[in-house]
Amino acid sequence: MPGVLLCEAVVQAGGILAAASAETDEKAGRTIAMLTALDHVRFRYQVTPGDQLHLEVETMRRRGLFWKMRGVARVNEKIAAEFEFTLAFDIERSGEERA
């Protein structure tokens with residue numbers, strides 16, 4: 001499995017965790033998560049077809065709409081990839097308001 005897909009899987013899990021943990025105002029509209037940074041990325045084990053991938057995500061800190069998180073992808077208890085990433089949340093705007 002390509003490393004970029006490992007990163008994407010972990011980041012999507014982080015987005016779900018952050019969205020479920022965040023207090024949102026439902027009147028404001030739908031919130032969208034945007035990946036803003038990947039840091040300290042390390043690929044340690046190659047993931048092959050048939051491997052079962054376990055994803056772990058933890059929140060390191062939160063400042064306003066920005067979430068700093070750490071993620072690990074494991075196969076058979078071996079670390080396949082680990083990294084830190086930052087997500088930013090924003091309110092989805094209608095097509096008329098976009099610049």
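Under the pairing rule used here, two aromatic pairs are counted; rings of Phe, Tyr and Trp (its six-membered ring) pair if their centres lie within 6.5 Å, and planes under 30 degrees apart count as stacked, over 60 as edge-to-face and the rest as tilted. The rings of tryptophan 67 and phenylalanine 89 make an edge-to-face pair, because their centres are 6.4 Å apart and their planes stand at 65 degrees. Since tryptophan 67 belongs to strand β3 (residues 66-75) and phenylalanine 89 to strand β4, this pair ties together parts that are 22 residues apart in sequence. Both tryptophan 67 and phenylalanine 89 are buried, where buried means under 20% relative accessible area, exposed over 50%, and partly exposed in between (1.4 Å probe, protein chains only). Phenylalanine 83 and phenylalanine 85 form a tilted aromatic pair, with 5.6 Å from centre to centre and 50 degrees between the planes, and these two residues are buried as well.

The model is predicted, and local features need pLDDT of at least 70, side-chain atom pairs count only at pLDDT 80 or more, while totals for chains, interfaces and linings use all residues. Residues are numbered from 1 along each chain as its sequence is written, and side-chain values use heavy atoms, with hydrogens and water left out.

**Overall layout**

The protein contains one helix and four strands, which follow one another along the sequence in the pattern α-β-β-β-β; helices (H or I, at least four residues) and strands (E, at least two) are DSSP runs, numbered from the N terminus. Of the 99 residues in the protein, 26% are buried. Among the contacts in the protein with a separation of 6 or more, 62% are between residues 24 or more positions apart, a contact being heavy atoms within 4.5 Å.

**Salt bridges**

The count of salt bridges comes to six, each being a side-chain nitrogen of Lys or Arg within 4 Å of a carboxyl oxygen of Asp or Glu. The table gives some of them.

| Salt bridge | N to O distance |
|---|---|
| Aspartate 39 and lysine 68 | 2.8 Å |
| Glutamate 82 and arginine 44 | 2.6 Å |
| Glutamate 82 and arginine 70 | 2.9 Å |

The salt bridge between aspartate 39 and lysine 68 links distant parts of the chain, with aspartate 39 in strand β1 (residues 31-43) and lysine 68 in strand β3, 29 residues apart. Aspartate 39 is partly exposed, at a relative accessible area of 26%, whereas lysine 68 is buried, at 11%.

Glutamate 82, which is found in strand β4 (residues 78-91), counts as buried because its relative accessibility is 14%. The side chains of glutamate 82 and arginine 70 are also joined by a polar contact of 2.9 Å, which is a pair of N or O atoms within 3.5 Å where, within protein, one must be able to donate a hydrogen and the other to accept it, and where residues adjacent in sequence count only if both atoms are side-chain atoms. Arginine 70 counts as partly exposed, with 30% relative accessibility. A network of salt bridges links Arg44, Glu58, Arg70 and Glu82. Leaving aside neighbours within four places in sequence, the residues in contact with glutamate 82 are His40, Val41, Arg42, Arg44, Arg70, Gly71 and Val72.

Although leucine 87 and leucine 35 are 52 residues apart in sequence, their C-alpha atoms are 4.7 Å apart in space. Leaving aside neighbours within four places in sequence, the contacts of leucine 87 include Val11, Gly14, Met34, Leu35, Phe66 and Trp67.

On the surface, Met1, Val4 and Leu5 form a nonpolar patch, with about 280 Å² of accessible area together; patches are made of residues with over 30% relative accessible area and no salt bridge, like charges being joined within 9 Å and nonpolar side chains (Val, Leu, Ile, Met, Phe, Trp, Tyr) within 5 Å. Methionine 1 is found in the segment before α1 (3-21) and is partly exposed, with a relative accessible area of 41%.

Methods: Areas by Shrake-Rupley, 256 points an atom, 1.4 Å probe, with all protein chains shown as cover.
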